[in-house]
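Student: Hi! Could you walk me through this structure?
Tutor: Happy to, here it comes.

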Amino acid sequence: MKVSGKVHFIGQTKVVSDKFKSRELVLKTEDKYPQFVPFQLTQDKVALADNLTLGEDVEVAINLRGREWKSPQGEIKYFATLEIWSLQLVNGVSGSGYVAENQ
C-alpha cells in the first residue's frame, strides 16, 4: 500500500533495546479533508527520515501490522501500526536531491 502527503512531524529515534529502535513520521494528506497519519519506521528504516524536512511531499510504501495485547486484568486490546518500508520524495526532487528507497 502507498500513501502520499506532506511531512508534518519527524520524531526522534527511540532505542527500545539492543535489538529494536523506532521513529515516528506523520504525514498530512492533501485530501478534501486532510488527515494527519502517524507512521512508524523501525530498525534500519529509521534512517529514511534523516534528511527529510517539514513540508516536503513524500510517498511511502507501508505494511499494515496488527497485534493483540492482553492486560494483567485479562482485558484484550488490539493495535494497528502503519510501518514504512520505503520512502521517496514525490517526483524524486527536493532541495537536497534526496531520494530514499530501501526495500
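Tutor: Thr42 counts as buried because its relative accessibility is 8%, where buried means under 20% relative accessible area with a 1.4 Å probe, protein chains only. This is a predicted model, in which local features need pLDDT of at least 70, side-chain atom pairs count only at pLDDT 80 or more, and totals for chains, interfaces and linings use all residues. Residues are numbered from 1 along each chain as its sequence is written, and side-chain values use heavy atoms, leaving out hydrogens and water.

Student: Which strand is Thr42 found in?
Tutor: Thr42 belongs to strand 4; strands are DSSP runs of E, at least two residues, numbered from the N terminus.

Student: What does the side chain of Thr42 make a polar contact with?
Tutor: Its partner is the side chain of Glu83, at 2.8 Å. A polar contact is a pair of N or O atoms within 3.5 Å; within protein, one must be able to donate a hydrogen and the other to accept it, and residues adjacent in sequence count only if both atoms are side-chain atoms.

Student: New topic: is Ile62 buried or exposed?
Tutor: Buried, because Ile62 has 4% relative accessibility. Ile62 sits in strand 5, residues 57-70.

Student: And which residues does Ile62 touch?
Tutor: Not counting residues up to four places away in sequence, Ile62 touches Met1, Val3, Phe39, Leu82, Glu83, Ile84 and Trp85. Touching here means heavy atoms within 4.5 Å.

Student: How far apart are Ile62 and Leu41 in space?
Tutor: They are 9.6 Å apart, C-alpha to C-alpha, and 21 residues apart in sequence.

Terms used
Helices (H or I, at least four residues) and strands (E, at least two) are DSSP runs, numbered from the N terminus. Buried means under 20% relative accessible area, exposed over 50%, partly exposed in between (1.4 Å probe, protein chains only).
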